[in-house]
Amino acid sequence: MTPIPGAAPSVLVVQHEDGTGPGLVGDRLRRTGLHLDVVHPWRGDPLPDSPRGHAGLVVLGGAADCEDVTAVPWLPRVRELIRAAVAEEIPLLAICLGGQILAHTLGGAVAPRPQGPEIGVVPLRRLPAADADPVLGAVPEGAPAAQWHWDEVVRLPPEAVPLLTGDDCPIQAFRVGSAAWGVQFHPEVLADSLAGWALTDGAEARSAGADPEAAVASVRAAEPELRTVWEAMADAWGALVRARTPTAS
């Protein structure tokens with residue numbers, strides 16, 4: 001990447017559908033001096049051929065299956081961006097569907113949850129490799145995480161390092177290589193966003209035995225701690241992006 005003198009490092013953000021923007025994480029990255037280049041392929045925005053020219057890549061969540069190229073015809077291009085970012089060690093943060101695409105693209109496996117969706121606030125548990133991780137190392141034991149997913153990663157890619165787990169969903173966060181992170185939860189989401197999802201997907205959640213209203217309430221009650229934990233994570237990822245961005249000569 002050739003930086004423009006005086007310009008903020010730019011992060012490419014892939015948003016898959018309306019109502020699933022970068023949220024809390026995006027706000028924090030902007031406040032720490034990064035520019036977000038948010039692309040909306042669902043409404044016709046073209047995806048670039050490569051992540052080159054950007055200092056980082058964020059792939060957000062969505063309702064689609066990570067293999068459904070009919071519903072998400074831009075998936076092959078997203079996979080290409082992910083492969084290139086991992087190979088070139090461009091910092092990558094892949095959230096929920098994004099994390100599933102990351103795992104599947106690199107040889108892992110994703111499947112529907114037989115016990116139904118995981119929604120609302122769920123406590124996370126640290127795994128040993130989290131101690132030395134530059135992005136998730138400061139996430140405390142039992143940290144709350146907002147969840148809203150019907151599928152989950154059931155097998156990590158070769159050489160992926162698991163970082164966080166949960167009682168009902170074992171693979172909650174992982175790292176591939178030195179600069180790619182996938183998370184199953186939604187660090188970018190607070191209660192108002194989840195309430196919007198409850199309006200659109202609530203009937204499906206209730207039919208699967210979940211309680212979307214309780215899920216929204218749990219996120220609203222946990223918002224102060226959610227902000228503290230996941231703003232710190234966004235700061236750490238943003239610091240890594242800036243540290244790996246060449247300075248203009």
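Begin by selecting helix 5, where a kink of about 65 degrees lies at Glu-223, shortly before the proline Pro-224; the bend at a residue is the angle between axes fitted to the seven residues ending there and the seven starting there. The model is predicted, so local features need pLDDT of at least 70 and side-chain atom pairs pLDDT 80 or more, while totals for chains, interfaces and linings use all residues. Residues are numbered from 1 along each chain as its sequence is written, and side-chain values use heavy atoms, without hydrogens and water. Helices (DSSP H or I, at least four residues) and strands (E, at least two) are numbered from the N terminus.

Stay with helix 5 and show Asp-211, which caps the N-terminal end of this helix with a side-chain oxygen 3.3 Å from the backbone nitrogen of Glu-213.

Next, select strand 4 (residues 92–95), where Leu-92 and Ala-94 on one side and Leu-93 and Ile-95 on the other are all buried, that is, under 20% relative accessible area with a 1.4 Å probe, protein chains only. Strand 3 (residues 56–59) pairs with strand 4 in the parallel sense over three bridges, pairing being defined as at least two DSSP bridges between two strands. On the other pairing to show, four bridges join strand 4 to the parallel strand 12 (residues 180–183), and Ile-95 stands opposite Val-183.

Finally, select Gln-15, in the loop between strand 1 (10–14) and helix 1 (23–31); at 7% relative accessibility, Gln-15 counts as buried. Show Glu-17 as well, whose backbone oxygen lies 2.9 Å from a polar atom of the Gln-15 side chain.

Definitions and conventions
Polar contact = N/O pair within 3.5 Å; in protein donor to acceptor, adjacent residues only side chain to side chain. Buried < 20%, exposed > 50% of the residue type's maximum accessible area, 1.4 Å probe, protein only.
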